[in-house]
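My notes follow in the order I took them.

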Amino acid sequence: MMACSAPCIALDGAFYDQPLTGSGQYTRGLWHALCMQARPVVLLRPDSEPVRMPDVAQQTHQEPLGKVAKVQWEQRGIVHAARQVGAQLLHVPYFAGPLRAPFPVVLTVHDVIPLVLPEYRTFAMRLYLFLAVRAARRAAAIITDSDASYRDIVRYLRIPAERVHVIPLAVDASYHASACDAALIEDLRQRFGLHGPVIFNVGGFDVRKNLLMLLEAFACALPALDPRTRLVIGGKPHSANSQRYPPLEPTIQRLGLVNHVVITGPLREEEKRALYCMSDLYVYPSIYEGFGLSPLEAMACGTPVIVANRTSLPEVVGDAGVLVEPTTEAFAREIVRLMQNTSLRRQLAERARRRAAAFTWERTAQQTWQVYERVLAAWQKGHRGT
């Protein structure tokens, strides 16, 4: 490996080739913005040469690491790779990291869901958390996405508040109403039988996403809606674990929604973007989010949103959407109110676009670089004093 010709930051790119994951989106968005600002940040991926420009990184693709290989990379591989390029600081952009490193380590902890919600504490996850929690406590600094996550990190990880920095995520510039492909929208309408109003949800099938309640709320609202209205749920469950990923089909059948609910299966990025653009309403009743990127994407596309008034979602949506207690009755009531009021949806859509425009990767990168500078200054001062 060729070392940096100037002092540089190493960014762990293990998730770079998984752009549909939250960590993958964050890694890509942050690194691309840092590169646009001419920051000396090198992307390091397992079994690959270090990369300094996004166009080079996109020429190769890596499959996700297995569980054992992932831990090996996090504890040894990334440290070795960072040393080889002469890095002064390592940034791991997700909740993991080496227990020992010869340079300061910055971690991004998007959330601490496994520590808060018992459904996520499997035996394997507990073993992984043993390492992740200790790595976080030893990190020079923690970056997180929201005030809600900041509070949970301080509480559950017992990390001093001054070492935790809140830097919001951003929405990719490709997410805006005028970027949507009319031909693709028509293809999706034909493919999924969407010949009337569309209510959309995407972002995961795990239990905290509260999709069973969403189905109940949609069933309650449906008699007051255009009978052609469809609830579209994007994606598919990541696991057959029914405790963490409760199946939707029994509830769909029980509520008589077979002809009114569409589960798309895996979506390409451009398909997800088109579904945001064509939807009349985006509904997101998740009870725990470290940030809530999908509502922000919907807002950027000019789609009015209804979200649960929980954790970080109020920080993201602000007054540009509708905040609702996560109950069947409350969500059903707001779905009916917005779907019956075209003028209100237009007002919310305009506010949503303006608010989403404030969340940029340029700002995220600038604030992240400031954290790097503070950490390096403290590290150098500490070593001069030893």
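I started with the second largest pocket, which has a volume of about 500 Å³. This is a predicted model, and I read the pocket with that in mind. I listed the lining next and got 25 residues. Those nearest the pocket centre are Gly29, Val171, Asp172, Ala173 and Trp361.

Which elements give two or more residues to this lining? I found four helices: H1 (22–36), H10 (269–278), H11 (293–300) and H15 (361–384). H1 gives the most, with six residues. I then sorted the lining of the second largest pocket by class. It divides into 13 nonpolar, six polar and six charged residues.

**Cavity**

The largest cavity holds about 40 Å³ of space. Its lining consists of Glu74, Gln75, Ala96, Gly97, Tyr128, Leu131 and Ala132. By class, I noted four nonpolar residues, two polar and one charged.

Which helices each supply at least two residues of this lining? They are H3 (67–84) and H5 (123–138). The largest share comes from H5, with three residues.

**Sheet with S1 to S6**

I traced the strand order here. Six strands form an open sheet, ordered S2-S1-S3-S4-S5-S6, and the pairing is parallel.

S4 (residues 105–108) and S5 (residues 141–144) pair in the parallel sense over three bridges. Leu107 has Ile142 of S5 as its bridge partner.

H1, the helix that gives the most to the second largest pocket, lies across S1 (8–12), S2, S3 (87–92), S4 and S5. H1 runs at about 150° to S2. H6 (residues 147–156) lies across S5 and S6. I noted its angle to S6 as about 170°.

**Sheet with S7 to S12**

I repeated the trace for the other strands. This open sheet has six strands in the order S9-S8-S7-S10-S11-S12, again with parallel pairing. Its edge strands are S9 (261–263) and S12 (322–324), and each pairs on one side only. The twist averages 20° from one strand to the next.

I checked S7 against S10. S7 (residues 198–202) runs parallel to S10 (residues 281–284), and two bridges join them. Phe200 has Tyr282 of S10 as its bridge partner.

H11 packs against H14 (residues 342–356) at an angle of about 115°. Their axes lie 7 Å apart. I logged the crossing as left-handed.

Which residues make the contact? From H11 they are Leu296, Met299 and Ala300. From H14 they are Ala352, Arg353, Arg355 and Ala356. I classed the contact residues as five nonpolar, no polar and two charged.

Notes. Residues are numbered from 1 along each chain as its sequence is written. This is a predicted model: local features need pLDDT of at least 70, side-chain atom pairs count only at pLDDT 80 or more; totals for chains, interfaces and linings use all residues. Side-chain values use heavy atoms; hydrogens and water are left out. On a 1 Å grid over the protein atoms alone, a cavity is a set of points where a 1.4 Å probe fits but cannot get out, and a pocket is an open set with protein on both sides within 12 Å along at least five of seven lines; lining residues have an atom within 4 Å of a point. Grid points are joined across faces, edges and corners, and a volume is the space filled by probe spheres set on the points. Ala, Val, Leu, Ile, Met, Phe, Trp, Tyr, Cys and Pro count as nonpolar, Asp, Glu, Lys and Arg as charged, and the others, Gly among them, as polar. Two strands pair if DSSP finds at least two bridges between them. Axes are lines fitted to C-alpha atoms, for helices over the stretch in contact, and angles run from 0 to 180 degrees between N-to-C directions. A crossing is left-handed if the near helix is turned anticlockwise from the far one by less than a right angle, and right-handed if clockwise. Contact means heavy atoms within 4.5 Å.
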